[in-house]
Amino acid sequence: MARCIMVQGTCSNAGKSLICAALCRIFRQDGWRVAPFKAQNMALNSYITADGGEMGRAQVVQAEAAGIAPDVRMNPILLKPTSDIGSQVIVMGQARGNRTARDYWGDKKALIPVVKDAYDSLAAEYDIIVIEGAGSPAEINLKQDDIVNMGLAKLVDAPVLLVGDIDRGGVFASLYGTVKLLDEDEQTRIRALIINKFRGDVEILRPGLAQLEELTGKPVAGVVPYGHFDIDDEDSLSERLDADAHGAVVRIAVVRLPRLSNFTDFAALERMPGVGVAYADKPDQLEGADMIIVPGTKATLADLKWLRESGMEAKILKQHAAGTPVFGICGGFQMLGRTVSDPENTEGGGSLRGLGLLPVDTVFHPKKMTTQARGTVGSLAGVFAKLSGTAVEGYEIHMGDTARAADAQPFCTLIRADGTEVLDGCQAENTYGTYLHGVFDAPGIALGLEQALAARKGMTLDDAVLDTAQIKEREYDRLADTVRQSLDMELIYRILEGKA
């Protein structure tokens, strides 16, 4: 049976996910078979496994850092927010419908066996399990029936590392307060503290670290510096959503929908030399963009309504009429069509007119399509004609079916994991849409797209083809090196072995 260690945080975005990814890579480098685990994740960035299961992106990153294939057992419960008070509940990779927060919390106890079975199954196959908590264990209003922080730590007998984010301020108070709000047995489970995202000279912290250790009775395992790593982000707290594309040769504007999902689709574009990707939620932010992308969303109808009411729709149509290409992915593809209808109340019911840039109509159904797929871009017209015939691969996550007009052209031909061949997406007059998440990850797509956009401006860009897999491996190693140098790894191993 595997040994385990758990990383909890004083708050959301304290850096738990990356610390866990770093530990996964470090343990792997040290020769151990290691797997990540998070009982319950809440995020709109998800991933589809080889067998069609849906899981949180953070555990995918951690699995890649550990050198293993993502598996829904690593994230048995995924909550995808659909509104301020409700989420789609995904259990062991399969959607179980939408629930309000009150209903979910009332029934959550019934999911404990699911969590335990998933954990035990992984623990039987690996040497070490690196467990990630969620939010803070000191959310005292949510402690009853907790299955992701101290409740899980007790369930699997995990020692805990508590991480605080010094970049947002008040790290000593947050670490001390978190420890002291816990029950005595929970305080005992915390074996060490970690200060994350530090900028400056660590020697300045020494007096505070000593006093923190004295007040809490817990050793500080280390101070991790603030770092920028090209690693997929989990949710809307990502720094990349505030990126600025000014000064880039090619400027791409991604519409920042209220329920934006899977913005990891655009990481490959962000890496291209000379390309700037910026997220826009106001019409004037689309001005001067060389391409506009309408991304995926967890609530197509609600975000389509926002697009209209915010003035973004009118601006997109104006830019498109002036020659700016528009690209839609998943929910964004649906919005670019003629109509989006929800006759079975999948997203609250109703029907809305789309932007009308593509001759397609979408009808939602309760059954969710989740599959990996690969294929070839079709014969494209317009600015991206040179992408015709390029290989693509990725995954589909969507509700409903989209039908093209009889004379409309698909964007690509895909072969799904079950062998089914489908004509996917649509293209018309410099507008392109697809259900394929990860479509830009194919080196030929990202390179061809940026070169086509640069050529329209009479400019050229480097023809370097980026290998996404190599970039990820490099970044995981960089992250691991930073954390290994910052933490007392001898102490971490003693904690893992039950000796500290």
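Which element gives the most to the lining of the largest cavity? The strand is E22, with three residues. The legends below describe a predicted model, in which local features need pLDDT of at least 70, side-chain atom pairs count only at pLDDT 80 or more, and totals for chains, interfaces and linings use all residues. Residues are numbered from 1 along each chain as its sequence is written, and side-chain values use heavy atoms, with hydrogens and water left out.

**View 1. The largest cavity.** A cavity is a set of points on a 1 Å grid over the protein atoms alone where a 1.4 Å probe fits but cannot get out, and its lining residues have an atom within 4 Å of a point. Closest to its centre, among 17 lining residues, are Thr297, Lys298, Cys330, Ile397 and His398. Strand E17 (296–297), helix H12 (331–335), E21 and E22 each supply at least two residues of this lining; helices (H or I, at least four residues) and strands (E, at least two) are DSSP runs, numbered from the N terminus.

**View 2. The largest nonpolar core.** Such a core is a set of buried Ala, Val, Leu, Ile, Met, Phe, Trp, Tyr and Cys residues joined through side-chain atoms within 4.5 Å, where buried means under 20% relative accessible area (1.4 Å probe, protein chains only). The core has 68 residues, and Ile252, Ile293, Leu307, Ile316, Phe327, Phe384 and Phe440 have the most contacts inside it. Helix H13 (residues 443–456) contributes the largest share, seven residues. A second, separate core of 52 residues includes Tyr104, Val114, Ala153 and Ile195.

**View 3. The aromatic pair Phe333–Tyr435.** Rings of Phe, Tyr and Trp (its six-membered ring) pair if their centres lie within 6.5 Å; planes under 30 degrees apart count as stacked, over 60 as edge-to-face and the rest as tilted. The ring centres of Phe333 and Tyr435 are 5.1 Å apart and their planes stand at 85 degrees, so the pair is edge-to-face. Because Phe333 lies in helix H12 and Tyr435 in the loop between strand E26 (431–434) and H13, the pair ties together parts that are 102 residues apart in sequence. Phe333 counts as buried at 2% relative accessibility, as does Tyr435 at 5%.

**View 4. The aromatic pair Phe384–Tyr432.** This pair is tilted, with 5.2 Å centre to centre and 45 degrees between the planes. Phe384, in the loop between E21 and E22, and Tyr432, in strand E26, are 48 residues apart.

Conventions:
Buried means under 20% relative accessible area, exposed over 50%, partly exposed in between (1.4 Å probe, protein chains only). On a 1 Å grid over the protein atoms alone, a cavity is a set of points where a 1.4 Å probe fits but cannot get out, and a pocket is an open set with protein on both sides within 12 Å along at least five of seven lines; lining residues have an atom within 4 Å of a point.
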